[in-house]
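Please take a moment to look at the fold below. We will walk through it together, one piece at a time.

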Amino acid sequence: MTYNHEVIFCIVNAGFSDSVMDAAREFGARGGTVIRARGTANAEAEKLFGIAIQPEKEIVMILVDKKIKNDILHALYRAVGLKTPGQGIAFSLPVDEVVGLSSASEQK
């Protein structure tokens, strides 16, 4: 089976979802969905990663063409990765079917 789309999930500290979308749009993402969340990391995880864990999180879901996925993931790492104030992590999953999207040429 061939997958043409991927969904990128980027989990960041609250207030950094705009930074996520700014970085993703530079490489072709058209939009995303923000979900407010609460982290559950404990003191041991803070010691392991050497960072303070902020409990309030935002999860940004971005549906993209698989051709631009790696560029966006790298941009997210640079803009909101663990060593930034956003302290984000990002990962992607394949999407086997998509409905409701139109191509850029159909929007004009």
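**Helices on a sheet**

Let us start with helix H3 (residues 69-80), which lies across S1, S3 and S4 and runs at about 5° to S1. Helices (H or I, at least four residues) and strands (E, at least two) are DSSP runs, numbered from the N terminus. Contact means heavy atoms within 4.5 Å. Axes are lines fitted to C-alpha atoms, for helices over the stretch in contact, and angles run from 0 to 180 degrees between N-to-C directions. Helix H1 (residues 17-25) lies across strand S1 (5-13), S2 and S3, at about 20° to S3.

Before going on, a word on the source: this is a predicted model, in which local features need pLDDT of at least 70 and side-chain atom pairs count only at pLDDT 80 or more, while totals for chains, interfaces and linings use all residues. Residues are numbered from 1 along each chain as its sequence is written, and side-chain values use heavy atoms, with hydrogens and water left out.

Now for the sheet. Its 4 strands form an open sheet in the order S2-S3-S1-S4, with antiparallel pairing. At the edges are strand S2 (33-38) and strand S4 (89-95), each pairing on one side only. On average, neighbouring strands of this sheet are turned by 25° against each other, direction ignored. Strands of a sheet pair through backbone hydrogen bonds, either parallel or antiparallel. Two strands count as paired if DSSP finds at least two bridges between them.

We can follow the pairs across. S2 and strand S3 (residues 56-65) are joined by 6 bridges, and Arg36 stands opposite Glu58 in S3. S1 and S3 pair over 9 bridges; here Glu6 has Val64 as its bridge partner in S3. S1 and S4 are joined by 7 bridges, with Cys10 opposite Ala90 in S4.

How enclosed is S1? Of its 9 residues, 7 are buried, so S1 is largely enclosed by the rest of the structure. Buried means under 20% relative accessible area, exposed over 50%, and partly exposed in between (1.4 Å probe, protein chains only).

A nonpolar core is a set of buried Ala, Val, Leu, Ile, Met, Phe, Trp, Tyr and Cys residues joined through side-chain atoms within 4.5 Å. The largest one here has 16 residues, of which Ile8, Val20, Ile62, Ile72 and Leu76 touch the most other members. H3 gives the largest share, 5 residues. Yet Tyr77, which also lies in helix H3, is exposed, with a relative accessible area of 59%.
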